[in-house]
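Trainee: I'm new to this one and a bit lost. Could you take a close look with me at what a search for disulfides turns up, and then show me what lies around it?

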Amino acid sequence: MSKGNLTWVSDFVLMGLSRDPQVQAGLFVIFGVTYLLTLLGNGLIILLTWLDTRLHLPMYFFLGHLSVVDICYTSSGVPQMLVHFLQERKTISFARCGTQLFFSLALGGTEFLLLAAMAYDRYVAICNPLLYVAVMSPWRCIALASGCWLVGLANSAVETVVTMRLPTCGRRVLNHVACETLALVRLACTDITINQVVIVASSVVVLLVPCCLVSLSYTHIAAAILRIRSSQGRRKAFGTCASHLTVVSMSYGMALFTYLQPRSAASAEQDKLVVLFYAVLTPALNPIIYSLRNGDVRAALGRLRPRARRETGRAVWAQAGLPAPSACESARLRVCVGMCA
């Protein structure tokens, strides 16, 4: 095709999940509630890891970053989906499409890399406990987290540029719920060899390499746990990894299932499900998994409630223009109230 016939469009039309108004109304409610739960759950994880000094450990430092990624990742696509559920014509401008693609790729890649960093943290904690404090120093944790963010952003920048430069020759209908690499590549009316190379390289950097590192870490962790003689010690060691291993299995499992099987005619519908899994389901499940299967997080949540009550009490006294009572005065007041009752 001659260069003069290559054209780019100013916006795209998203086909979405369904054209039935009733189905779209139901999806709006489901996705809206899930999005609010995602913000609440991950926001609570961030608050706990920031306020509770007992959680100022490398594992929860990375967990806080993972929660930030989940909030940003789901916010990069779900609000637009909610708006489109209420609209008959689902359009997105070229600039917004490129922006959405960049952030979804950056945050998705960063999440895979953070999971690998968390696996390394668990490896050091279980296999080299005496060196844990020295190896996982604050500066090492900051360097690992910064590296995850930088690699994720750089990888996304390259993939976004080579994807958005593709001419579509007037074709603007995306069979998807959001701007996604493979959906955009399918619209191209020129050679996509460079894009295929970049997609494979990107998958190796943010998916295959981290997955291998996680597998290697947990191989050593499993061997170390099996060498522990007491069953109680083995349960305790495995308990420190259970929540992370659950999230890793869920995230890497879906990605490997998607990218290792051959492409087919139904791959467009499959791509929609994959995007919904990572943008809607995973960010909502992560805080639930880490809170239900992690005793430290549950304990921190229990300590947060009395603290919140104390802060509320201080606010009430301040609003009344009175100094807040001390701990002893508060205790005497509770005793008096109990006697009067």
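Mentor: Counting the bonded cysteines along the chain, the disulfides of the protein follow the pattern 1-3, 2-4. Two disulfides come out of a search of the whole structure; for that search, two cysteine sulfur atoms must lie within 2.5 Å of each other. As background, a disulfide is a covalent bond between the sulfur atoms of two cysteines.

Before we zoom in, a word on what you're looking at. This is a predicted model, in which local features need pLDDT of at least 70 and side-chain atom pairs count only at pLDDT 80 or more, while totals for chains, interfaces and linings use all residues. Residues are numbered from 1 along each chain as its sequence is written, and side-chain values use heavy atoms, with hydrogens and water left out.

Start with Cys97 and Cys179, whose sulfurs sit 2.0 Å apart in a disulfide. The turn about that S-S bond is -125°, which makes the link of Cys97 and Cys179 left-handed. This pair links distant parts of the chain: Cys97 belongs to helix H4 (residues 94–127), while Cys179 is in the loop between strand E3 (173–174) and helix H7 (181–186), 82 residues apart. (Helices are DSSP runs of H or I with at least four residues, strands are E runs of at least two, and numbering goes from the N terminus.) Are its ends buried or exposed? Cys97 counts as buried because its relative accessibility is 0%, and Cys179, at 3%, counts as buried too. The cut-offs are under 20% relative accessible area for buried, over 50% for exposed, and partly exposed in between, with a 1.4 Å probe and protein chains only.

Now the other link. Cys169 and Cys189 are joined with an S to S distance of 1.9 Å, and with 75° about the S-S bond their link is right-handed. Cys169 lies in the loop between helix H6 (138–164) and E3, and Cys189 in the loop between H7 and H8, so this pair ties together parts that are 20 residues apart in sequence. Cys169 is partly exposed, because its relative accessible area is 27%, whereas Cys189 counts as buried at 16%.

Cys241 is buried, at 1% relative accessibility. Cys148 counts as buried as well, with 7%.

Strand E3 has come up beside both links, so let's follow it into the sheet. The sheet is open, has three strands in the order E2-E1-E3, and mixes its pairing. E2 and E3 stand at the edges with a single partner strand each, so one side of each is left without a neighbour in the sheet. E1 (residues 11–14) and E2 (residues 91–93) run antiparallel and are joined by three bridges; strands pair if DSSP finds at least two bridges between them. Phe12 has Ile92 as its bridge partner in E2. On the E3 side, E1 pairs in the parallel sense over two bridges. There, Val13 is partnered by Val173, and Leu14 stands opposite Leu174.

Spanning residues 193–226, H8 gives six residues, the largest share, to a nonpolar patch. That surface patch is formed by Val151, Val200, Val204, Val205, Leu208, Val209 and Leu213, with about 530 Å² of accessible area together. One of its H8 members is Val200, which is exposed because its relative accessible area is 52%.

To step back, the protein has twelve helices and three strands. Of its 341 residues, 43% count as buried. Its accessible surface is about 18300 Å², and carbon and sulfur atoms hold 69% of that, as worked out by the Shrake-Rupley method with a 1.4 Å probe. Among contacts with a separation of 6 or more, 79% are between residues 24 or more positions apart, where contact means heavy atoms within 4.5 Å.

Terms used:
Patch = residues over 30% accessible without salt bridge, like charges linked within 9 Å, V, L, I, M, F, W, Y side chains within 5 Å. Salt bridge = Lys/Arg side-chain N within 4 Å of Asp/Glu carboxyl O.
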